[in-house]
Amino acid sequence: MSREKRSFAQETCVKSAGKAMQKTGMLWPGCRVAVAVSGGVDSFVLLQSLKIRQGIVPFHFEIMAIHLNPGFDEQSHAALLPWLAKRGIPGHIEMTTYGPDAHSEKNLRRSACFRCSWLRRKRLFELCAQYGVTHLALGHNADDLVQTFFMNLSRNGRVDGMSMNESFFGGGLQLIRPLLLVEKKFILKAAKQWELPIWANACPSAGNTARSSMGETLEHLYRVSKDSRRCIFNGLTRWQLEKNSTAAALGDEQPLPDAEARDGVAD
């Protein structure tokens with residue numbers, strides 16, 4: 001059977017995910033990967049890329065999709081189920097009220113984004129235990145890495161990024177980010193070319209978060225020179241890859257971040 005012909009953007013996503021997997025020891029034979037699918041472009045491209053990599057890696061691993069509807073639109077995920085069924089990917093779809101609750105008077109201590117993210121992460125961990133998965137895959141990309149690095153530096157005084165592969169619960173669960181080497185522009189192109197059933201984000205805070213504000217701030221830094229953006233992305237993705245490759249070689253386990261450390265940089 002001939003291999004599917006892929007565009008440059010699609011190949012960038014698939015090959016870069018493979019590089020992250022190989023360099024950080026991300027997967028192993030028989031592992032079970034749950035992909036947190038929000039319905040946005042990043043997580044959908046991640047799911048598609050992992051499906052393709054199932055046919056490339058020299059061992060078997062399983063994937064499933066988990067979608068937690070935040071509660072703004074109970075029909076938004078309607079296209080997900082037939083898409084999964086067509087590709088033989090099992091899925092867990094769950095309605096929640098995390099979004100509206102986080103934007104209500106019930107949440108007085110934290111930002112709406114932090115509260116919603118914390119609830120989603122907690123539920124994802126519970127579902128991973130329920131389904132016996134070994135890995136939880138998140139769709140963060142290279143743009144997220146750069147934004148998080150500068151947010152950590154300017155808000156918390158920490159030189160830190162986003163791990164590609166970190167252990168939780170005594171090694172019982174690996175949290176992985178296979179697309180962390182891929183720029184958003186390639187993900188957007190690949191999603192369009194794959195005709196993925198992306199749906200709009202109905203959250204009232206969409207586009208008005210600490211992360212989006214940092215993205216706007218960084219646009220000024222990218223204009224310092226014609227090569228600034230490329231140099232920043234290349235430098236930080238290479239630094240993060242080397243950091244995680246070393247950790248994988250040493251068998252280090254990453255500590256579970258506390259709530260204070262993650263405030264403002266929640267996924």
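**View 1. Surroundings of L50 in the predicted model.** Setting aside neighbours within four places in sequence, L50 is in contact with M21, V33, V35, F61, I63, A137 and P178. The model shown here and in the views below is predicted. L50 is itself one of the residues that touch the most other members of the largest nonpolar core.

**View 2. The largest nonpolar core.** This core has 44 residues, and those touching the most other members are L27, V33, V35, V45, L47 and L50. Two or more residues come from each of helix 1 (8-24), strand 1, helix 2, strand 2, helix 3 and helix 7 (184-194). Helix 2 gives the largest share, seven residues. A separate core of 20 residues lies apart from this one; I66, A112, L124 and V133 are among its members.

**View 3. Strand 1 beside strand 2.** Strand 1 spans residues 32-36 and pairs with strand 2 in the parallel sense, over five bridges. Within this pair, V33 of the chain stands opposite I63 in strand 2. Between the two strands the chain passes through helix 2 (residues 41-53), and this β-α-β crossover is right-handed.

**View 4. Strand 2 beside strand 3.** Strand 2 covers residues 62-69, and seven of its eight residues are buried. On pairing with strand 3 (residues 91-95), strand 2 again runs in the parallel sense, with five bridges. A65 is placed opposite G91 in strand 3. The path from strand 2 to strand 3 goes through helix 3 (residues 80-87), in a β-α-β crossover that is right-handed.

**View 5. Cysteines without a disulfide.** A disulfide is a covalent bond between the sulfur atoms of two cysteines. How many disulfides does a search of the whole structure find? The search finds zero. For C128, the closest cysteine sulfur is that of C31, at 12 Å, so the two are too far apart for a bond. The cut-off used for a disulfide is a pair of sulfur atoms within 2.5 Å. C128 has 2% relative accessibility and therefore counts as buried. C13, with 0% relative accessibility, also counts as buried, because the cut-off for buried is under 20%.

Terms used
Residues numbered from 1 in each chain as written. Predicted model: local features only at pLDDT ≥ 70, side-chain atom pairs only at ≥ 80, totals over all residues. Heavy atoms only, no water. Buried < 20%, exposed > 50% of the residue type's maximum accessible area, 1.4 Å probe, protein only. Helix = DSSP H or I, 4+ residues; strand = E, 2+ residues; numbered from the N terminus. Pairing = 2+ DSSP bridges. Right-handed = clockwise from strand over helix to strand, strands pointing away. Core = buried A, V, L, I, M, F, W, Y, C linked by side-chain atoms within 4.5 Å. Contact = heavy atoms within 4.5 Å.
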